[in-house]
Amino acid sequence: MATSTSAGAAGNPYDLLLKVTPPRLPRHLVSRARLFSGGEDLRGHAAFVVQAPAGFGKTSLLAQWRREYLVTGAAVAWVSAQSNDHPHRLVQSLALAVRLAIGRPAFGRSVIEADAADASAAADGLASVTEFLADLVQAAPDVVLIVDEAERLPSSSRKALAYLLRNAPSNVRLLIAARPDFELDIDDLIAYGQCVEIGAAQLRFSLEDTLKLVHERFGARVDHDATARLHALTEGWPLGLQLALTLVSRGDDASANMAALVAHGGQLQGQLVRLLLADLAPPDRELLTRLSILDPLHPDLCRAVADTADAGARLARLASDTPLFTAAEHGEWLRMHALARDVLRQHFAELDAAQQAQAHARAAQWLDDHGFLEQAARHALAAGQREKAYDLAERSLYESLMQRGRQGAVLEWLGRLPADELDRRPRLLLAAAWTLAASERHPEAQRLVERILAQPMADEPLRCECALILGGAAAFADDPDRFVALHAPWTASAPLADPLLQQVHANRMAYQALLEGEPALARLRLQQAPRSGAAPGAGYIGHWSELLTGLSYMWEGQVLLAERLLRPAVAQVEAELGRRNRFSCMLAALLAAASWDLGRPDDAAALLADRLDVLEHSGLPESLLLAYQTAARIATAEGEQHRVLELLGALDAAGVARNLPRLRIASLADRVRLHAQHRRAESCRALCGQIDALLADPAFAARPLWRRDAQLRRDLAHGYAAIAAQNWRDALAPLERADELARQLGHGRTHIELLGLRALALERCGEASQGLIREAMDLAGVYGLRRVFSDAHPDLGTWVATLAAEEAPQDAPGMAMPPAAPAPTPAAAVPHGAALTPKEREVLQLLARNLSNKEIGRAMQVGETTTKWHVKNLFAKLEAGTRKQVVQRARILGLIGPDA
């Protein structure tokens, strides 16, 4: 009689046991909410196919799901597929895996002990699959079948697996992981939602995932900026991140190791080259070297550049077999991983100069023929075809800028083009002027505009466009008065036929309303703007409308509405332009400020990571100001006053570098706020003196719009200085002046903050303050401003939290302001003063789910003896005699929730 582990005539009786042994979870695995098996997107589905190239964590994800399903009490069977798994052997493996999972020695006996020669009589193996399905139905418990590395299966076994998937009973879930070229002929199941397909895009780490992973490995030793740069370097590739973190962990100084890695990438590149390129056949390596100059890649383009008919097919094979290609765009376009591309380009630079020029010339011709003019121009220049390159640049850059926001490409060409070429090509001059106006180099835009207007073709529409350019320069120069003066001649009527320029003009009308303290009017003007949705590139100009709308909401303090608008806008712009594009950074700064006020500090920190430097050079002053203020508030909440002062000092330095005195005043005012919170009266007086000195400049007297905002910050600083000295009566006058200016400007958050501070000052003076503080709390609740009072002053935050707690039972839900930062719940007292270890808490959670010791051991990947030891410790620590008493005592002590 055959043994229970026998595979019939399969050979080694332990062979199948090795196949059905699941792997251990990686030590530093990060559980990602969007990939939880019980998450909203995945819960309730019975079949999953995970397809991605090597290094994307398919096996790790299945191992994570295995543990999650074990926690729910399901039986989980694991099979690692092999190339010799004919249908019957595959079914034997599945049956043995289920037998071990449910602990029933008799399960699947007829399938497991069947003679392989007899089973092979049915070539497709469907009879064995049907018999196995019948055993599963009779097994009764929920069963999860996991098949890893399914791409190894022969075609007959793939058909058997598809048959199994299509006919699985209701108590069975099927999880399959494979490479991208794996085909199972289940497109109809995916289309109808009966099977969920998870690809490389979902497996790739998001920035938030990377921040969490690095924080769990290194804590506060590695900052968010370095982590964001590492994420950009690896492009979220899981294996690349794993290699990088292994390099960072070598040695004692993780911070220095991370800084060196993200600055140069040398060690990581070396590791990746050995991992990705070393095993490639020489012809494939030569092909990739020639294709490394392309970004992105298309099969036809690759055939043209490599001059090889099979280049497309070889590219498809490499994309399937290796993780070299990290992102796929629409259709057949692919993108090579940046680290590998950089190394391959070094090899390309070693080729003969004639070979390099020929490859670039072929790329330029193909791209030109297919309408990709900007990319064609770069390759033409690299091929030495200068005149063709300049012609292509002139034909493409203006449209590329206006339609897709490609300021970086314009600046790159501006550095390459001789000065006389710019004068001969007016559209290049216009593109350069637009680009320089929207950056710290805005003074240069004035000189380019003068060159444009000096040309004989300068008609009325061109003069209007030049006014729009200079108006943009005034906005980036933080000169609202000049902006309004430039816009005034064209307010009633603008002689612009281009729908994109008409949209730009509407955006400027809205910005003028915002500067004049009318945020609602700004939104109305944007709504009434001519719709240019059919025009190419209208999406980019539309994103500017979203930025202005979001800014108008932030201006008013309407953070709920701002967050609802800005979150999808940020995601879309990042996808289109890149995370560190200056427009993406400006939108993210607004969203970060809204996220902070909504009580989501982690979101705010992630949004600002590795972006402040971009905003310093090319961000709108308002976005730069919001970014630094939010970063400072995050640091304040974490108790890092040294970091707060560093950030506010950096804001002051940016104001000096870009000649933006309002930012310097804002930096000084926020430092006054910080010192006032700690009652440093002398420091506050000194900083207020610096603000007064800046505002004494007579040049600002002729700038009423600019001066009104600066005066608001001055009065607010003087109010805080009085609070720091505990001169509450003296604080009332400057706070009231500041509040009046805040109402004139439409600054809703500042108005609510000042209402709270005035109420606090009145309360400390022994005067009536209840009406004022209740109005402030009510407005903050309506707008969603959870942090405004604690940011203003800790005493104000504590007072508001106390009032909200007192009024919560009788008030309608949501009307009273909740505490800005809920106090941490004290740890529950455990008898004998013995705290529970993390493992004991995990066992406790599983005990509450009524799992047996064996099931707990499987879920935690420990032996049954270890589980019994943890349970025994829980009995002693919680003074319980039964498992039920352990759970009851834990609930009473607050160690687990009532629903656990």
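Predicted model: local features only at pLDDT ≥ 70, side-chain atom pairs only at ≥ 80, totals over all residues.
Helix axes here are lines fitted to C-alpha atoms over the stretch in contact, and angles run from 0 to 180 degrees between N-to-C directions. Helices (H or I, at least four residues) and strands (E, at least two) are DSSP runs, numbered from the N terminus.

Residues are numbered from 1 along each chain as its sequence is written, and side-chain values use heavy atoms, leaving out hydrogens and water.

The whole chain to begin with. It has 48 helices and seven strands. Its radius of gyration, taken over C-alpha atoms, is 33 Å, close to the 29 Å from the globule rule (2.2 Å times the number of residues to the power 0.38) for 900 residues, so the chain is as compact as a globular protein of that length. The C-alpha trace spans about 105 × 80 × 50 Å along its principal axes. Of the 900 residues, 53% are buried, meaning under 20% relative accessible area with a 1.4 Å probe, protein chains only.

α35 covers residues 621-637 and α37 covers residues 661-677; they pack at an angle of about 20 degrees, with axes 11 Å apart. α35 and α37 are therefore roughly parallel (angles under 35 degrees). Which residues make the contact, that is, heavy atoms within 4.5 Å? From α35 they are Pro621, Glu622, Leu624, Leu625, Gln629 and Thr636, and from α37 Arg662, Leu663, Ala666, Asp670 and Gln677.

Methods:
Parallel < 35°, antiparallel > 145°, perpendicular 65-115°, else oblique. Contact = heavy atoms within 4.5 Å. Buried < 20%, exposed > 50% of the residue type's maximum accessible area, 1.4 Å probe, protein only.
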